[in-house]
Amino acid sequence: MSKPHILTVDDDPMVSAAISRDLRSRYGADYRIVRATSGAQALDVLTKLALRNQPVALIASDQRMPQMTGIEMLEQARTNAPDAKFLLLTAYADTDVAIKAINDIGLDYYLLKPWDPPEERLYPVVDDLLDDWRRANPDHNADVRVVGDRWSDRSHDIKTFLARNHVPYRWYDVERDAEAQRLRDLAGATVEDLPLVLVPEGDTLRTPSNLDLADALGLRTRAEQPLYDLCIVGGGPAGLAAAVYAASEGLSTVIVEREAPGGQAGQSAAIENYLGFPKGLTGSDLTQRAVAQVVRFGAEMVLARGIVGFESRGPVHAVLFDGSGEIEARALIVATGVAYRRLAAAGLAELTGRGVYYGATASEASQCQGDDVYVVGAANSAGQAALNLARYAKRVVLVVRAATLENTMSRYLIDKILSAPNIEVRYRTEVQACTGDGHLEGLTLIDRDTGGTEDVSSSWLFVFIGASPHTEWLGPDVARDEKGFIVTGQDLLRPGYAEHWPLARTPLALETSVPGVFAAGDVRCDSMKRVASAVGEGAMSVYLVHRYLATI
Ligand SMILES: Cc1cc2nc3c(=O)[nH]c(=O)nc-3n(C[C@H](O)[C@H](O)[C@H](O)COP(=O)(O)OP(=O)(O)OC[C@H]3O[C@@H](n4cnc5c(N)ncnc54)[C@H](O)[C@@H]3O)c2cc1C
C-alpha cells in the first residue's frame with residue numbers, strides 16, 4: 001500500500017506551515033503530508049487522490065476560513081475520502097458548532113488552537129485517530145487467511161474468534177471464490193479439513209479449535225506462575241478494569257478469558273454513553289485500548305481457556321481450566337458476565353451459526369449488504385444492532401414482543417430507529433419458526449394479538465433477548481440468586497443468604513459468600529448491566545481485594 005495521506009487545510013500561511021511542520025516531524029516517515037490553503041483547494045486535492053486510489057487517513061482543517069468553513073469543507077470531503085478521520089482546529093468561540101459537527105458530519109475530534117506544545121496537545125489526539133484509521137484499514141499483506149464454507153458454523157466461530165481478538169483476516173468462500181479453490185488445492189485439503197486457516201509464516205491449520213488457533217497466533221494460553229495475588233476470571237469491561245487497577249497497584253495479576261477480551265461490550269458496534277467519548281466508540285476500539293493498558297501494567301492475560309471449576313484451599317483459591325491445569329491466587333474476582341438467552345422457535349437451533357446469530361459483530365453486519373435482516377429484541381443491544389445492520393442491509397425488521405420500546409430501550413436509540421428509513425419495527429410480534437436447507441432461508445412471524453402468521457424470506461436473524469449469568473462453574477459455596485446471579489456485600493446478610501456467610505465481620509461491598517472471592521459487573525446480582533458500571537465495579541473490587549488481603 002502506498003503511504004496514506006494527511007491533508008492540512010488552513011488559509012493562514014503561517015498556521016498552515018506550522019501544522020504541516022509539526023505533523024511532518026512526527027508522522028512524515030509513514031504518511032505523506034499535503035497542504036491546502038482553502039476549502040476549495042482541499043476538495044480539489046481529495047478528488048485527485050481519489051482518482052489515483054490514494055488513501056487519505058486524516059484531514060486536519062481550520063474552521064474559520066473565507067468562502068468555505070472547515071465544517072462545510074469536511075462535509076463535502078466525505079465523498080472522496082470516506083474513511084478519513086476528521087480533525088477540526090477551532091477557536092474557543094466555535095466550540096458549540098464543533099460539538100454539533102460530531103453528530104452532523106461525523107467529526108472525530110476538535111482541537112482548540114494553539115496546539116503548543118504538540119507533544120501534549122496535538123500528537124496524543126492524532127496518534128489515536130491514526131491508530132483507529134489503521135485498524136479500520138489494515139495492511140492486508142499481513143493477514144491470516146480463512147478458507148471455508150460461509151454457512152458452516154465452525155467457519156463462523158473462527159471468523160468471530162479472529163475478529164474479536166483483533167486478528168486481521170481475509171475470508172475465502174469455497175463456493176464463490178476461485179482463490180479459495182486454489183488455496184484448498186494447494187493445501188491438499190478435503191471437505192472435512194475445512195475451514196482451513198493459513199497463518200503467515202505458520203502451518204496450515206485444518207478445522208482448528210480456538211486453542212489451536214490461539215497457540216498458532218502466539219497468544220498466551222497458559223499461566224506463567226502457579227500462584228498470584230489476584231486471579232480474575234472473565235475479560236469483559238469489569239475484568240479488564242480490575243486487571244488494570246490491580247497490576248498498576250503492584251498486585252501480581254492474571255486474567256483468564258475463554259473467548260476474546262472485551263466481553264459483550266467488545267461486540268457492541270457503538271457505545272455512545274461511555275464517559276469521555278462524545279462521538280461514541282466501538283466495543284472493539286474500547287477493548288483494544290483496555291488490553292493495551294492491561295499489558296502495559298504487566299497483568300498476565302491467558303486467552304482461549306475457560307474456567308470450569310473452583311476450589312477454596314485455606315488461604316488460597318484455585319480455579320480449574322477446561323482440559324487440564326489450574327491457577328491459585330490469594331484473591332479471586334469473578335467477572336464472567338452473562339450469556340444470551342436462547343429464542344424458542346421451531347427449527348432455530350439447527351440454524352444457529354448458519355444465518356441465525358446471538359449478538360451481531362461488525363464482520364457479520366457487512367456481510368448483510370443489500371439483504372433483508374431480522375433482529376429480535378427490545379433492549380439497547382437489539383437497538384444498536386439494528387442501527388449497525390441498517391448501514392449495510394437493504395431493510396432491517398426489528399421484531400418486538402411488546403407494544404412499545406419505551407420501557408426497555410434508551411430514548412436516543414428509539415429516536416434513531418424510528419427515523420431510520422430502512423428500519424421497520426414490528427410490535428406484538430414473535431418469530432415462530434425458522435426454515436432453511438443448511439442455512440436460514442425463511443422465518444414465520446406470528447402476530448401475538450391476532451395469532452395470524454406470515455412467512456418471510458431472509459438469510460439473517462440476529463437475536464438479543466436477555467441473558468443469564470456464567471456462574472455454573474462456581475459450585476455451591478458461592479451464593480447466587482434464583483437466576484444464578486452472584487449475591488454480594490450487604491445482600492448476603494438478608495434471610496436466605498445469611499447462612500452462607502462464614503465470618504464474624506460483615507462482607508465487603510462486592511465480596512461473595514466465600515471471603516476473598518469478589519464479583520464485578522453483569523454477573524453480580526442487581527448490577528446495572530452497563531459498560532461504565534462494569535468498569536467501575538472492576539476498579540472498586542481491586543480496592544476491596546487490598547482490604548481483604550490486609551486481613552489474612
Ligand atoms: C451488543 C451489545 C451492545 C451493548 N451496548 C452497550 C452500550 O452501548 N452501553 C453500555 O453501557 N452497555 C452496553 N452493553 C452492555 C455491556 O456490554 C455489558 O454491561 C458489559 O459488557 C458487562 O461487562 P462484564 O465485564 O461484566 O461482562 P461481559 O462483558 O459479559 O464479559 C464477561 C467475559 O467473561 C468471559 N467468561 C465467561 N465465563 C467464563 C469462564 N468460565 N472462563 C473464562 N472466561 C469466561 C466471557 O467470554 C466474557 O468475555 C451492550 C451489550 C451488548 C451485548
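One term first: contact here means heavy atoms within 4.5 Å. And a reminder that this is a predicted model.

Let's start with helix α16.

What do the buried residues of α16 pack against? Two helices are on the list, α10 (237-248) and α11 (283-296). The strands are β10 (227-233), β14 (316-321), β15 (326-334) and β26 (517-519).

Which residues of α16 are buried? Among them are Val531, Ala534, Gly538, Val542, Val545 and Leu549. Glu537 and Tyr548 are buried as well. Keep the helix geometry in mind. An α-helix has 3.6 residues a turn, so residues three or four places apart point the same way.

Gly536 also sits in α16. Buried or partly exposed? Gly536 counts as partly exposed, because its relative accessibility is 36%. Now look across to Ala242. Gly536 and Ala242 are 294 residues apart in sequence. In space, their C-alphas are 8.8 Å apart.

Next, the core. The largest nonpolar core has 30 residues. Which residues have the most contacts inside it? Ile333, Phe518 and Val545. At least two residues of this core come from each of β10, α10, α11, β12 (300-303), β15 and α16. The largest share, seven residues, is supplied by α10.

Zoom in on Val545. Set aside its neighbours within four places in sequence, and Val545 is in contact with Leu230, Leu251, Ala331, Ile333 and Phe518.

Leu251 comes up again with Thr253. Thr253 is in strand β11, residues 253-257. At 4% relative accessibility, Thr253 counts as buried. A polar atom of the Thr253 side chain lies 2.8 Å from the backbone oxygen of Leu251. What else does Thr253 touch, beyond neighbours within four places in sequence? Its contacts include Tyr228, Leu230, Ile232, Ala243 and Glu300.

Now to the sheets. Strands of a sheet pair through backbone hydrogen bonds, either parallel or antiparallel. We have an example of each.

Parallel comes up in an open sheet of five strands. The order is β2-β1-β3-β4-β5. Why is one side of β2 (32-36) and of β5 (109-112) left without a neighbour in the sheet? These two strands stand at the edges, each with a single partner strand, so one side of each has no neighbour there. On average, and ignoring direction, neighbouring strands of this sheet are turned by 20° against each other.

Strand β1, residues 5-9, pairs with β2 in the parallel sense over five bridges. Ile6 stands opposite Ile33 in β2.

Two helices lie across these strands. Helix α2 (residues 39-51) lies across β1, β2 and β3 (56-62). It runs at about 165° to β1. Helix α4 (residues 95-104) lies across β4 (85-90) and β5, and runs at about 165° to β5.

For antiparallel, go to β13 (residues 307-313) and β14. They pair over six bridges. Ser312 has His317 in β14 as its bridge partner. The hairpin has two residues between the strands, and Gly314 takes a positive phi near 60° there.

Last, some backbone details to check. Where are the cis peptide bonds? One joins Asp116 and Pro117, with omega about -10°. Pro117 is in the loop between β5 and α5 (118-121). Another runs from Leu194 to Pro195, with omega near -5°. Pro195 lies in the loop between α8 (178-187) and β8 (196-198).

Ala304 has a phi of about 60°. Its place is the loop between β12 and β13. Ala304 counts as buried, because its relative accessibility is 10%. Arg428 has a positive phi of about 50°. Arg428 is in the loop between β20 (423-426) and β21 (429-435). At 26% relative accessibility, Arg428 counts as partly exposed.

That's my tour. Over to you.

Conventions. Residues numbered from 1 in each chain as written. Predicted model: local features only at pLDDT ≥ 70, side-chain atom pairs only at ≥ 80, totals over all residues. Heavy atoms only, no water. Buried < 20%, exposed > 50% of the residue type's maximum accessible area, 1.4 Å probe, protein only. Helix = DSSP H or I, 4+ residues; strand = E, 2+ residues; numbered from the N terminus. Pairing = 2+ DSSP bridges. Axes fitted to C-alpha atoms, helices over the stretch in contact; angles between N-to-C directions. Core = buried A, V, L, I, M, F, W, Y, C linked by side-chain atoms within 4.5 Å. Polar contact = N/O pair within 3.5 Å; in protein donor to acceptor, adjacent residues only side chain to side chain.
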